[in-house]
Amino acid sequence: LNNLGVLYTRMERWETGERAYEEAVEISQVLGDLPTRILLEVNRASHWIARKEYGRARDACDLAMQLSERTQDTHALGEAHKCYGVIARETGDHAAAEQSFQRASALADQRQDLLLAAETAREMAELYRQQGRNRDTLQCLNRAHRLFSQLHARRDVADIDRQTQDLEEDFLEMVQRWGDSIESKDHYTQGHCERVADLACALAEAVGIDQKSLFWFRIGALLHDVGKLTIPPEVLNKPGRLTADEWALVKHHPIAGVEMLADIEFPWDV
């Protein structure tokens with residue numbers, strides 16, 4: 001019944017999912033199965049989050065936290081903190097959201113719970129995206145992708161392919177948006193990042209690079225000019241000759257780009 005609730009929530013069959021959870025809660029109470037009851041409340045919170053009913057989601061999380069005080073189950077605590085983070089993010093409390101995600105991440109690392117760590121990193125990436133923190137967004141997306149890739153080897157974790165595909169779409173959208181912000185500063189090279197990406201991938205495909213690697217070639221190409229973000233627009237778009245100091249600044253932009261991306265462990269081997 002719990003799994004049906006998760007499935008119906010994903011299918012947006014809201015009332016059917018709600019009934020599945022209600023029946024499961026009744027059975028868990030009759031059996032005195034506290035760990036299952038806590039899990040149900042956490043999944044109920046995810047159900048209400050999906051329906052954008054954040055007050056009810058918080059109530060479910062609060063109940064899960066109260067019940068978990070009677071057990072030693074830190075997994076449920078981690079899931080609850082992840083839900084609290086999503087609720088805070090979607091209701092505009094970014095500071096509380098970041099704090100909750102950090103708690104969920106710490107508990108995931110403590111338990112070596114790769115799925116919780118991956119999902120928390122993905123949710124934190126969305127928080128940073130909303131705040132315009134592009135570099136932090138990419139760091140979290142990359143961490144989530146790396147963890148989901150590790151989970152591919154586990155047969156007990158379902159739906160990893162879909163989650164990884166969704167994550168890669170988020171990754172590409174984020175990088176394209178960042179590339180657009182680069183080009184919005186430089187009036188001379190409109191569309192340059194996309195053209196570089198298209199040419200790089202065409203060349204890579206011609207020499208036999210596999211499709212999975214081509215995705216990361218495109219990401220790298222879209223980010224190759226990220227250092228331009230450190231150059232003032234009046235220098236980047238100056239119609240006349242650059243001064244010696246301005247030219248030194250422009251020449252420095254690839255180094256600045258490396259510095260901006262240095263602590264993002266991309267899964268490319270290039």
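Helices here are DSSP runs of at least four residues, numbered from the N terminus. The model is predicted. Its chain holds 14 helices and zero strands, and 44% of its 270 residues count as buried.

**Overall fold**
- Along the sequence, the chain reads as α-α-α-α-α-α-α-α-α-α-α-α-α-α.
- Among contacts in the chain with a separation of 6 or more, 62% are accounted for by residues 24 or more positions apart.

**Surroundings of His 47**
- His 47 has a relative accessible area of 1%, and it is therefore buried, the cut-off being under 20%.
- Apart from neighbours within four places in sequence, His 47 is in contact with Thr 9, Trp 14, Gly 17, Glu 18 and Tyr 21.

**Packing of H1 against H3**
- The axis of helix H1 (residues 2-10) comes within 10 Å of the axis of H3, and the two cross at roughly 10°.
- Because of this angle, H1 is roughly parallel to H3, a description that applies to angles under 35 degrees.
- On the H1 side, the contact is made by Asn 2, Val 6 and Thr 9; on the H3 side, it is made by Leu 39, Leu 40, Asn 43, His 47 and Ala 50.
- By class, the residues of this contact between H1 and H3 comprise four nonpolar, four polar and no charged ones.

**Aromatic rings**
- The charged end of Arg 56 sits over the ring of Trp 48, at 3.8 Å from the ring centre.
- The count of aromatic pairs comes to zero, with a pair requiring ring centres within 6.5 Å.

Technical notes
Residues are numbered from 1 along each chain as its sequence is written. This is a predicted model: local features need pLDDT of at least 70, side-chain atom pairs count only at pLDDT 80 or more; totals for chains, interfaces and linings use all residues. Side-chain values use heavy atoms; hydrogens and water are left out. Buried means under 20% relative accessible area, exposed over 50%, partly exposed in between (1.4 Å probe, protein chains only). Contact means heavy atoms within 4.5 Å. Axes are lines fitted to C-alpha atoms, for helices over the stretch in contact, and angles run from 0 to 180 degrees between N-to-C directions. Angles under 35 degrees count as roughly parallel, over 145 as roughly antiparallel, 65 to 115 as roughly perpendicular and the rest as oblique. Ala, Val, Leu, Ile, Met, Phe, Trp, Tyr, Cys and Pro count as nonpolar, Asp, Glu, Lys and Arg as charged, and the others, Gly among them, as polar. Rings of Phe, Tyr and Trp (its six-membered ring) pair if their centres lie within 6.5 Å; planes under 30 degrees apart count as stacked, over 60 as edge-to-face and the rest as tilted. A charge sits over a ring if NZ of Lys or CZ of Arg is within 6 Å of the ring centre and within 35 degrees of the ring normal.
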